[in-house]
Amino acid sequence: MADPRTTEERIETLLAELSGRPDVRARAEELVRLLMELYGEGLGRIAGLLPTPELEKLAADGLIASLLILHDLHPFSVGERVVQALDRVRPYLGSHAGGVELLGLGGDGVVRLRLQGTCDGCPSSTLTVKNAIEAAIMAAAPEVAGVEVENLEPPPKLLQIQPRPPLACPAPLVEGLPT
């Protein structure tokens, strides 16, 4: 089964290859748009016939969830999916004696968070947020514009150790050897 992101990337690549042929590219874009509308309408009719609990079960599948999101048919709102994503990542944060609080989802589509516990003020929080929390949110709600963390500490600056300059030997270390 194809990964939706891989398929999306392939479509973008194919369209980019057509950039030198504006007439062909316009027709290809129209074809993609028409197919999206057709499949979206069909998926919408299917979703409309299903009871909510059944649609929610289907939405638990990653591929189906991405199709439902793509056609604005997902049974859970963006905010609900963000909360679900945070719930899934909390055990990982708990293993680091930390947590995360959802402050809100702005009209600009940015999720605002606050770290709690030892994640608050911890220099490694940057990696924790970027890798775990942001990835979970973007997977559950790809329409989110970004993730901002209220009390995020910058990562520590690493000490750069330079090689030692060569020693100048004014005299030979062992008598009889040239300098």
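Helices and strands are taken here as DSSP runs numbered from the N terminus, helices being H or I of at least four residues and strands E of at least two.

I noted that this is a predicted model, in which local features need pLDDT of at least 70 and side-chain atom pairs count only at pLDDT 80 or more, while totals for chains, interfaces and linings use all residues. Residues are numbered from 1 along each chain as its sequence is written, and side-chain values use heavy atoms, with hydrogens and water left out.

**Entry 1: the chain as a whole**

I counted six helices and three strands in the protein chain. Read from the N terminus, the elements follow the order α-α-α-α-α-β-β-α-β. Of the 179 residues, 23% are buried; buried means under 20% relative accessible area, exposed means over 50%, and partly exposed lies in between (1.4 Å probe, protein chains only).

I looked up the accessible surface as well, and it comes to about 12,500 Å², with 60% belonging to carbon and sulfur atoms. Such areas come from the Shrake-Rupley method with a 1.4 Å probe, and for residues only the protein chains shown count as cover. Among contacts with a separation of 6 or more, 52% are between residues 24 or more positions apart; a contact means heavy atoms within 4.5 Å.

How many salt bridges does the structure hold? I found eight, a salt bridge being a side-chain nitrogen of Lys or Arg within 4 Å of a carboxyl oxygen of Asp or Glu.

The side chains of E29 and R25 form one of them, at 2.8 Å from N to O. E29 is partly exposed, because its relative accessibility is 30%, and R25 is partly exposed at 24%.

I then turned to R45 and E41, whose salt bridge has its closest N and O atoms 3.2 Å apart. Both residues lie in helix α2, four residues apart, about one turn of the helix. R45 is exposed at 59% relative accessibility, whereas E41 is partly exposed at 44%.

**Entry 2: the sheet**

The three strands form an open sheet in the order β1-β2-β3, with mixed pairing. Its edge strands are β1 (98-105) and β3 (146-149), each of which pairs on one side only. The twist from one strand to the next averages 30 degrees. Two strands pair if DSSP finds at least two bridges between them. In general, strands of a sheet pair through backbone hydrogen bonds, either parallel or antiparallel.

I examined the join between β1 and β2 (residues 110-117): the two run antiparallel and are connected by seven bridges. G98 stands opposite G117 in β2. A salt bridge also connects the side chains of E101 and R114, at 2.9 Å from N to O. This pair links distant parts of the chain, with E101 in strand β1 and R114 in strand β2, 13 residues apart. E101 is partly exposed at 30%, and R114 is partly exposed at 28%.

I recorded a network of salt bridges that links D108, R112 and E148. Helix α5 lies across β1 and β2 and runs at about 170 degrees to β1. For such angles, axes are lines fitted to C-alpha atoms, for helices over the stretch in contact, and the values run from 0 to 180 degrees between N-to-C directions.

**Entry 3: the loop between α4 and α5**

Where does H71 lie? I located H71 in the loop between α4 (62-70) and α5 (78-94). H71 is buried, because its relative accessible area is 19%. Leaving aside residues up to four places away in sequence, H71 touches M36, Y39, G40 and L43.

D72 lies in the loop between α4 and α5 and is exposed at 71% relative accessibility. Its phi is positive, about 55 degrees, although D72 is not a glycine. Most residues other than glycine have a negative phi.

I followed M36 back to helix α2, where M36 is partly exposed at 32% relative accessibility.
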